[in-house]
Structure formats: C-alpha cells, structure tokens
Amino acid sequence: MTDSELTREEVLKRDIPWETYMTAKLINSTGLQLLRRYDHRPAHVQSALLEENGVAYVRVFVGILRDISKQETVEYMLAMVDEMLTANPKRARLFHDKSFQENEDVYRPFIRLLSKKNWFIQEKSCKILTLIISARQYEEIDSEDPSAPQKKVDSFNEVLRAVVDWLISQMRSPAHPTRGIPTAVSSLATLLRITKVRAIFIKADGTKLLAPLITPASNQQYIQLLYEATLCIWLLSFHDGAVEAFSTARVVPRLVDVVKSSTKEKVVRVAVMAFRNLANKGNFAAELVDLGMPKVVQSLKLQTWSDEDLSQALDVVDAALKDSIRKLSSFDKYKAEVFSGNLDWSPMHKDPVFWRENISKFEENDFQVLPNLSGFSFVHYYIMPCLACCI
C-alpha cells in the first residue's frame, strides 16, 4: 500500500516499539508510561486519560514528532493525534496550554512534516495544523493585539505564512491528484476566518488559484469543493484588499453562474453572503446588474429557504442592486454619455422602467438629445424601438 492510499485505521493497527525509543533516550520514562496506558486502548479509556492529563499527552505526542524521524512512527503518531482531534476538535486547545514553556513550539514539527514526500504525512499534518491554529484564536492573545509579546506575534505570523504557502503550492501543483486541492481548500475554509490569513493569502495572489474552482458542479464530491471554495470567497470578501484581487480574477461572474445553476442551499447562501459584502465596494454592484443579477435575486426571493440569514442577505443585495440601477439610470448620466460619444449598451439601456420614466425628457430643449443619437449605428435597432414602445 502506498503512502497516498494509507488510512488512519490501517496505520493505527501497527505496534510501535516505544521501549526502544526510551532506550535511545528519544522519550523518557514518564512518556513511556503515558504511552503504555494510552496506546491501543478503547476510545472511552483514551478519552478519560485525555480529560485527566491531556496536556501531558500532547507534550509527549509533539516531542515524538519533533525528535523521531522513522516514517512508520511519524505516520502512527499523526494518525493518533488526528484520531484524538477528530473525536473532539476542542482538544486542539490542549496545544496552547499556558504550562507549555516559551521554547516549546507546538507548530514547528507539523510545519516541517508538510515538506515530506509522503501524502499521508502531509495531509494529516495539514489537518492537525488547521485545528491547532484555529484553536489559538480562542485560547491565546490574537496576533493583531498590540499588547501581545512581539516575539510571539512574529513567530505565529511565520507559522501562518508557512501554512498558507503550502496550501497555495497544493492548489498550484497538488501532491495528490484527487485529494491535494480539496485538502487545501478545506483548510483554507477554516483558516480564512483569521484576518491575518486573509491578508497573507491575497498578498500571495492565491485568489487567482481559487477562482477557477468557482464553477457549477454536478456530483457530491465537486459540490463540496465548490461550497468550500465559495466559502473562502465569502471570507475573503470581508477584506478590503480582496476588491482588486476579485476583479483581476473575475470572481463575480463565476459566482453569478454558480448562483444561477446551483440547487444546493449552502452553496447559494455563501455566494449571496459574498455578494452582500461586495455590493457596496468598488463597482461590484454595477457589475452584478450588468450580469443579470436583479432577475436572479427576484427569483431566489420567491423560493423558500430554511436559512434566515440567506433571506436577509437577498434583501440587502436586492436593495443594493436597485440603488445601483437608479444611479445608472439617471437621465443626466445617459445624456452625458450621448454627448460624449461613448454610449454603451449598459444596464440602463436594457431597463424598460428607464424608458417609461424618461420618455418625456427627450422633448426637452427642442429634442436636443435625438440628433446626437443619429451618430450611433445601433440607434435604429435598440433606441428607437424602446422609444416607440413607450409612446
């Protein structure tokens, strides 16, 4: 079985000679005693041991990953930690207990393992790091807090950059053909809740790698990837630096296509929540109008949704789009375009309401707008029929 096919269950069937490592002074007698009590024991026994002495076990686990390089043992310990955190993700807080010494770096062993040419090790290290980093937000001073010790802040920022770099490398050139990208996106969907990670990801130009994943999906595997990729876009939309990145990567047209075709509420929800954040930034509202989102929003509002946040977000987006249409539909703006010679087939020219409300204004100043329209080749095909239907 190759390392890319290994499962946690298969790895945990191994018998690791812990006594040999104590003889080699890679673990001490206390560590050996803890491992003997924990290893290959039923889940309820392990849970009780972690409740009683969880920090001590975490210290032993991290020490083994730091000091022992034998592949089978590293895989086994990662599988053990993964099992522990999968059973109860809140246990990740144990890695941030205040009893850890200043020089005990709980992140570094996992960061180092990300570079191993072994997919099982990479994948488990990524998953564990994601949980540990996320737990830090609740247990320690946030890295943006000016009162935090500078050395600790710098160290944590280095960890975040290292993890984001690895995730981006997986999106660019995945180490596993089918699990590399989903693993990276799933991790990002958690880590982008951290403000600093958003800034690092955008600065590293990660958005252009994320954008192609925002595409209509048919089977369950790709629907989950689409959901997590769209969730990443929503989280990034809280960051001001995302405006330019989204425009460059043409994220909004992709989101519109997804909303138009998706039947999964969770996908529609995060996409609409992203639109809500973007509607008042840059020219996104006008772009959404031009992409036909007003009709899409009206259609979505007629449907029954179980999530109240989605219904509220649709109302906000609807109001923002209507406001944008009003601004775009100003007759003065239209007249200025005509006189400038730069008349485009923009949303205002497609809106029957604009023509009904402004038909009489064409009579102002002795019909001065109409002669200027004669220079546009499309006037006979678009403008005149619109005027005719309003008379």
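**Loops, rings and helix packing**

Mentor: Asp205 is partly exposed, with a relative accessible area of 37%. Keep in mind that this is a predicted model.

Trainee: Where does Asp205 lie?

Mentor: Asp205 is in the loop between α10 and α11 (207-210).

Trainee: And what is its phi?

Mentor: Asp205 has a positive phi of about 65 degrees, although it is not a glycine. Most residues other than glycine have a negative phi.

Trainee: Which residues are buried in helix α10?

Mentor: Helix α10 covers residues 195-203, and Val197, Arg198, Ile200, Phe201 and Ile202 are buried there.

Trainee: OK, what about Lys25, what phi does that have?

Mentor: Lys25 has a positive phi of about 60 degrees, and it is not a glycine. Lys25 sits in the loop between α2 and α3.

Trainee: Lys25, buried or exposed?

Mentor: Exposed: the relative accessible area of Lys25 is 75%. The cut-off for exposed is over 50%.

Trainee: Changing topic. How many aromatic pairs does the structure hold?

Mentor: There are eight aromatic pairs in the structure.

Trainee: How many residues apart are Trp18 and Tyr21 in helix α2?

Mentor: Three, within helix α2 (residues 18-23), so about one helical turn separates Trp18 and Tyr21. An α-helix has 3.6 residues a turn, so residues three or four places apart point the same way.

Trainee: Are those two buried or exposed?

Mentor: Trp18 is buried, and Tyr21 is buried as well. Ring pairs also link Trp18 and Tyr21 with Tyr76 in a cluster.

Trainee: Which charged end sits over the ring of Tyr227?

Mentor: That of Lys266, 4.7 Å from the centre of the Tyr227 ring. Elsewhere, Arg136 lies over the face of Phe156, at 3.7 Å from the ring centre.

Trainee: On to helix packing. At what angle do α3 and α4 pack?

Mentor: Helix α3 (residues 29-38) and helix α4 (residues 43-67) pack at about 130 degrees, with axes 10 Å apart. That makes α3 oblique to α4. The crossing of α3 past α4 is left-handed.

Trainee: And α12 with α15, at what angle do they cross?

Mentor: Roughly 20 degrees, and the axes of α12 (residues 220-236) and α15 (residues 265-278) come within 9 Å. The two helices are therefore roughly parallel to each other. α12 passes α15 in a left-handed crossing.

Trainee: Which residues does UniProt list for "repeat: ARM"?

Mentor: The UniProt record, an unreviewed entry, lists residues 250-279. That span is 83% helix and 0% strand, and its end C-alpha atoms lie 15 Å apart.

Trainee: Last one. Where is Arg59?

Mentor: Arg59 is in helix α4. Arg59 is partly exposed, with a relative accessible area of 31%.

Trainee: And how many residues apart are Arg59 and Phe95 in sequence?

Mentor: They are 36 residues apart in sequence, and 8.0 Å apart in space, C-alpha to C-alpha.

Notes:
Residues are numbered from 1 along each chain as its sequence is written. This is a predicted model: local features need pLDDT of at least 70, side-chain atom pairs count only at pLDDT 80 or more; totals for chains, interfaces and linings use all residues. Side-chain values use heavy atoms; hydrogens and water are left out. UniProt positions are given in the numbering used here, feature names are shortened, and annotations may be inferred rather than shown by experiment. Helices (H or I, at least four residues) and strands (E, at least two) are DSSP runs, numbered from the N terminus. Rings of Phe, Tyr and Trp (its six-membered ring) pair if their centres lie within 6.5 Å; planes under 30 degrees apart count as stacked, over 60 as edge-to-face and the rest as tilted. Buried means under 20% relative accessible area, exposed over 50%, partly exposed in between (1.4 Å probe, protein chains only). A charge sits over a ring if NZ of Lys or CZ of Arg is within 6 Å of the ring centre and within 35 degrees of the ring normal. Axes are lines fitted to C-alpha atoms, for helices over the stretch in contact, and angles run from 0 to 180 degrees between N-to-C directions. Angles under 35 degrees count as roughly parallel, over 145 as roughly antiparallel, 65 to 115 as roughly perpendicular and the rest as oblique. A crossing is left-handed if the near helix is turned anticlockwise from the far one by less than a right angle, and right-handed if clockwise.
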